[in-house]
Amino acid sequence: MKSDMPGKRLSRQMILGVLVIGMGLLFLLDNMDIWDFGRALQFWPMAFIVVGVIKLFDTNSSDGVILGSALILVGVLMLLDRLGLVYFSWRAIWPVMLIALGASVVYRAVSGQRVVSAALKDALGSNDVVDVTAILGGFERRIGSAHFKGGEITAVMGGCALDLRGAQIETEAVINVFVLCGGITLKCPPHWTVVLHGTPIMGGFTDKTAPPADTSKRLIVRGHAIMGGVEVRN
């Protein structure tokens with residue numbers, strides 16, 4: 001699945017690089033007594049905006065776009081509240097999440113995407129590409145596709161476990177992951193070669209698979225783990 005274009009990867013790396021440089025400059029100015037970094041802490045909701053932007057650059061699905069937009073909206077509202085321009089509290093987050101969920105359902109209905117049972121999806125062969133979003137909950141699924149291509153997995157304050165040991169790939173499959181305060185576990189066959197191209201931010205990517213004798217089948221895992229983890233094992 002060639003969904004992750006070089007230009008898109010470069011954009012994500014630029015965002016993370018600029019963020020790290022900005023944090024370093026703030027700490028440097030604070031250490032030199034030029035500027036009080038403590039004043040900047042009141043703008044911590046910018047973290048929601050940054051994470052939302054990263055998600056927008058890191059997704060190819062409607063759910064990912066809605067999630068990224070919702071994070072940006074929450075960050076903007078909280079920032080405006082800090083500046084005294086609007087009133088916003090944590091109690092407003094739940095309605096925003098409900099709105100985002102409803103928007104996702106409406107978008108799927110308008111675009112003709114239907115929610116079907118796992119058994120029917122297996123029968124239709126739609127397991128070739130996965131599109132999983134777990135928010136404040138857990139998701140477990142077994143994939144038995146004969147032509148697995150990859151897909152996208154998002155876990156926000158939740159967990160996702162994907163069992164790919166019954167799946168087959170022709171040469172290469174790409175899974176884009178996004179974890180925020182959660183975890184993703186992937187189980188793959190022992191004859192697959194796992195390639196991790198993830199960016200951990202106070203999180204981690206772990207490969208616990210055994211090196212296969214044949215390297216013709218590759219599973220590439222890309223994305224971000226923010227205060228969370230991604231684990232791949234046999």
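In which loop is the place of M227? M227 lies in the loop between β9 (218–226) and β10 (229–233), where strands are DSSP E runs of at least two residues and helices are H or I runs of at least four, numbered from the N terminus. The model is predicted, with local features needing pLDDT of at least 70 and side-chain atom pairs counting only at pLDDT 80 or more, whereas totals for chains, interfaces and linings use all residues. Residues are numbered from 1 along each chain as its sequence is written, and side-chain values use heavy atoms, leaving out hydrogens and water.

**Backbone**
- M227, a residue other than glycine, has a positive phi near 50°, and its relative accessibility of 44% makes it partly exposed (buried means under 20% relative accessible area, exposed over 50%, partly exposed in between, with a 1.4 Å probe and protein chains only).
- M202, in the loop between β7 (193–201) and β8 (204–207), likewise has a positive phi, near 55°, and is exposed at 67% relative accessible area.

- Leaving aside neighbours within four places in sequence, I184 is in contact (heavy atoms within 4.5 Å) with residues including I153, V177 and V230.
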